[in-house]
Structures are given as structure tokens and as C-alpha cells.
Amino acid sequence: MGPDGHVASLFPSRPHRHEKERLVTFITDSPKPPPPRITFTFPVINSASEIAMVVTGAELANMVDVALGNAPPPDGIPPPCTEVSAEEELTWFLDKDAASKLQTSG
């Protein structure tokens with residue numbers, strides 16, 4: 001997951017995140033290097049029985065908070081990371097920095 005909430009190469013401002021028919025797509029103008037990329041689409045990603053989201057770094061803490069439903073998206077539009085949904089189990093693995101905005105009880 002990137003700081004803008006992208007997963008794989010499915011970026012917030014690109015139409016590829018909304019692809020429902022194709023299993024794989026390409027992008028030629030990625031906002032992050034390298035510009036040309038090939039990526040799975042959400043129909044493939046979300047068909048997995050189990051998905052692990054591994055996120056590290058303080059620069060991702062705000063987006064982790066958004067992705068887990070604890071904060072509103074900065075522009076009001078849910079980022080691609082909120083569309084990840086495993087058939088059975090989605091597990092988040094966060095380092096201390098990535099989890100730094102999450103509140104703990106107790």
C-alpha cells in the first residue's frame with residue numbers, strides 16, 4: 001500500500017482501479033516510477049482466500065487509519081486500499097510506525 005492508498009498498481013486517480021472484467025491491466029503513466037506497469041485488478045486480488053497487507057513506515061500511518069475505517073479519506077473518496085477484500089481472511093501486518101495513528105484501548 002502506498003501513502004495515497006494504492007495497492008498493486010491501482011492508483012486513486014486512475015480508472016484501472018474500477019476495472020471489473022479484465023484480470024490484468026496495464027498503466028503507461030504511473031504517478032510513481034516506473035511509468036509503465038502491469039498489474040492484477042481487484043477481481044483477481046479479491047478472489048484470493050487469504051490476503052496479507054504488509055505495511056511499514058510512518059509515512060503510511062495516516063492511510064492505515066483511513067484504510068481501517070478510523071479516519072475519513074483526505075479527499076472524501078475512499079482510496080483503493082479500502083477495496084481489498086479477501087474471500088476468507090484479510091490480515092494486516094503493521095510495524096510500529098505504520099500503526100502509530102491507531103488508538104489502542106486500555
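Start by selecting His16, which counts as buried at 18% relative accessibility (buried means under 20% relative accessible area, exposed over 50%, partly exposed in between, with a 1.4 Å probe and protein chains only). His16 lies in the segment before strand S1; helices (H or I, at least four residues) and strands (E, at least two) are DSSP runs numbered from the N terminus. Before going on, note that this is a predicted model, where local features need pLDDT of at least 70, side-chain atom pairs count only at pLDDT 80 or more, and totals for chains, interfaces and linings use all residues. Residues are numbered from 1 along each chain as its sequence is written, and side-chain values use heavy atoms, with hydrogens and water left out.

Stay with His16 and show its surroundings. A polar atom of the His16 side chain lies 2.9 Å from the backbone oxygen of Phe26. Not counting residues up to four places away in sequence, His16 touches Leu10, Thr25, Phe26 and Ile27, where contact means heavy atoms within 4.5 Å.

**Next stop: the salt bridges**

How many salt bridges does the structure hold? There are three, each a side-chain nitrogen of Lys or Arg within 4 Å of a carboxyl oxygen of Asp or Glu.

Select Arg14 and Asp29 to see one of them, with the closest N and O atoms 3.5 Å apart. This pair links distant parts of the chain, since Arg14 is in the segment before strand S1 (24–27) and Asp29 is in the loop between S1 and strand S2 (37–40), 15 residues apart. Arg14 counts as buried at 18% relative accessibility, while Asp29 is partly exposed at 41%.

Now pick Glu83 and Arg17, whose closest N and O atoms are 2.3 Å apart in a salt bridge. Glu83 lies in the loop between H2 and S4 and Arg17 in the segment before S1, so the pair ties together parts that are 66 residues apart in sequence. Arg17 is buried, with a relative accessible area of 4%; Glu83 counts as partly exposed at 23%.

For another salt bridge, select Glu19 and Arg22, which meet through their side chains at 3.8 Å, N to O. Here Glu19 is buried at 16% relative accessible area, and Arg22 is partly exposed at 44%.

**Then go to Pro79**

Where does Pro79 lie? Look in the loop between helix H2 (61–67) and strand S4 (89–94). Pro79 counts as buried, at 4% relative accessibility. Leaving aside neighbours within four places in sequence, Pro79 is in contact with Asp4, Gly5, Arg17, Met63, Val66 and Pro73.

**Zoom out**

Colour by secondary structure and you will find two helices and four strands, running β-β-α-β-α-β from the N terminus on. The radius of gyration is 14 Å, close to the 13 Å that the globule rule gives for 106 residues, so the chain is as compact as a globular protein of that length; the radius is taken over C-alpha atoms, and the rule is 2.2 Å times the number of residues to the power 0.38. Of the 106 residues, 36% count as buried.

Finally, select residues 1–92, which UniProt lists in an unreviewed entry as "domain: Glucosamine/galactosamine-6-phosphate isomerase". Over these residues the chain is 12% helix and 20% strand, and the end C-alpha atoms are 11 Å apart.

Methods
UniProt positions renumbered as here; feature names shortened; annotations may be inferred. Polar contact = N/O pair within 3.5 Å; in protein donor to acceptor, adjacent residues only side chain to side chain.
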